[in-house]
Amino acid sequence: MTTHLPTCACCGDALADERRIDFGFNLPDAALRAPEEALHRLGVRALLRVDGVGCFVRCLLGVRLTHDTELFLGAWVQVDDATLRRAHDLWEQPGYADLVVRGTFANRIQPWGDTLLGAEVTAKVADPEELPCVVEVHRPAAARVLTQTWDRDHVLSRFPYPVPVDVRTDLGDHWSVVRTAGLTASFADGTDHFTARDRSAAVSLMTDDVAGRAPADFLTALLSGAPDTRPDQRAREPLGEGLRHAFWLTPQDHGRPRHEFYGMAVAAGTAAGIFCTYEDPAGLEWALRIWRSLDRGVNTP
């Protein structure tokens, strides 16, 4: 489980730098179901002994992403008792700069999953103000995490918590959409949900059950029963050989507290629909931007 971020993986302070994104893991995977009384933190959040499970030191795993971005994962390394005691003795002391941590990686992190979990790693202190940083992964397949540059959208779309950058997210069937900065992400009942306190978006895919029907005719069928809004509350734009259509409603239109936005992107035989709500009327520009980001055929890993 990750903390509600982006915050610094070392001190927990909020970060706004788009070039450095920090995620912190509260616990090693093996301790997620351990009772609270089994968790023993040795003076600082980064040192942990779990009854019946083992000893752990929290370290930074730095991953290079495209768009000149670095992802720093504050994750756990399982160590022997002697290493934990040495880390405890040196932490926040002058000798901390010489601390070396050797153990096995203790968190399953997508998109690397089991490739990284359990891999032997070595971590050293690069900055006395930060956690020890993983400098070597002793498993060839897992070592690629350190040595390669990874597609930012592909990696960050796996993290459900808010990030300070827009993330193009794969919806399936070659459709994708941009999750804008600051939104959480979840998937339930066939729908992708992106949420913040003052706004939300839900995106789902549809398949045309009439073979060979033109996108414009499919759109007409999808809009059956939709409210007849004023021209200034509608938009229609081309999308390759298909088209996009949207309409929006104000609280005065429907009596509900939030503004509502309904958008569709239609291609041959398939469509993506988006429903947005937002508190401030200025949120319309945000809804239009997400709607216009709906696309089919954009390269997503």
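**Reading strands, helices and cores in a predicted model**

Biologist: How many of the five residues of strand S1 (residues 20-24) are buried?

Modeller: Four of the five are buried, so S1 is largely enclosed by the rest of the structure. Buried means under 20% relative accessible area, exposed over 50%, and partly exposed in between (1.4 Å probe, protein chains only). Strands (E, at least two residues) and helices (H or I, at least four) are DSSP runs, numbered from the N terminus. This is a predicted model, in which local features need pLDDT of at least 70 and side-chain atom pairs count only at pLDDT 80 or more, while totals for chains, interfaces and linings use all residues. Residues are numbered from 1 along each chain as its sequence is written, and side-chain values use heavy atoms, with hydrogens and water left out.

Biologist: Which strand is joined to S1, and does the pair run parallel or antiparallel?

Modeller: Strands of a sheet pair through backbone hydrogen bonds, either parallel or antiparallel. Here S1 and strand S5 (residues 69-79) run parallel and are joined by five bridges; two strands pair if DSSP finds at least two bridges between them. Within this pair, Ile 21 stands opposite Leu 71 in S5.

Biologist: What is the strand order in the open sheet of seven strands?

Modeller: The order is S12-S13-S14-S18-S17-S16-S15, with antiparallel pairing. Strand S12 (184-188) and strand S15 (234-239) each have a single partner strand, so one side of each is left without a neighbour in the sheet. On average, neighbouring strands are turned by 15° against each other, direction ignored. Inside the sheet, nine bridges join strand S14 (residues 199-207) to strand S18 (residues 270-278), and Val 203 stands opposite Ile 274 in S18.

Biologist: Which helices lie across S14, S15, S16, S17 and S18?

Modeller: Helix H4 (residues 215-222) does, at about 150° to S17, and helix H6 (residues 283-293) does, at about 165° to S18. Axes are lines fitted to C-alpha atoms, for helices over the stretch in contact (heavy atoms within 4.5 Å), and angles run from 0 to 180 degrees between N-to-C directions.

Biologist: Which residues of H4 are buried?

Modeller: An α-helix has 3.6 residues a turn, so residues three or four places apart point the same way. In H4, Pro 215, Phe 218 and Leu 219 are buried. They cover an arc of only 100° around the axis, which puts them on the same side of H4; the arc is that of the directions from the helix axis to the C-beta atoms. The buried residues of H4 pack against S14, S15, S16, S17 and S18.

Biologist: Which residues are buried in helix H1 (residues 81-90)?

Modeller: Thr 83, Leu 84, Ala 87 and Leu 90 are buried in H1. They fall within an arc of 135°, so they line one face of the helix. Their packing partners are strand S3 (47-50), S4, S5 and strand S6 (100-105). Just after H1, Glu 92 takes a positive phi of about 60°.

Biologist: Which residues touch the most other members of the largest nonpolar core?

Modeller: A nonpolar core is a set of buried Ala, Val, Leu, Ile, Met, Phe, Trp, Tyr and Cys residues joined through side-chain atoms within 4.5 Å. Of the 57 residues in the largest one, Val 57, Leu 61, Val 63, Leu 71, Leu 73, Trp 91 and Trp 112 touch the most other members. Strand S4 (residues 54-65) gives the most to this core, with eight residues. A second, separate core of 25 residues includes Phe 194, Cys 276, Leu 284 and Ala 287.
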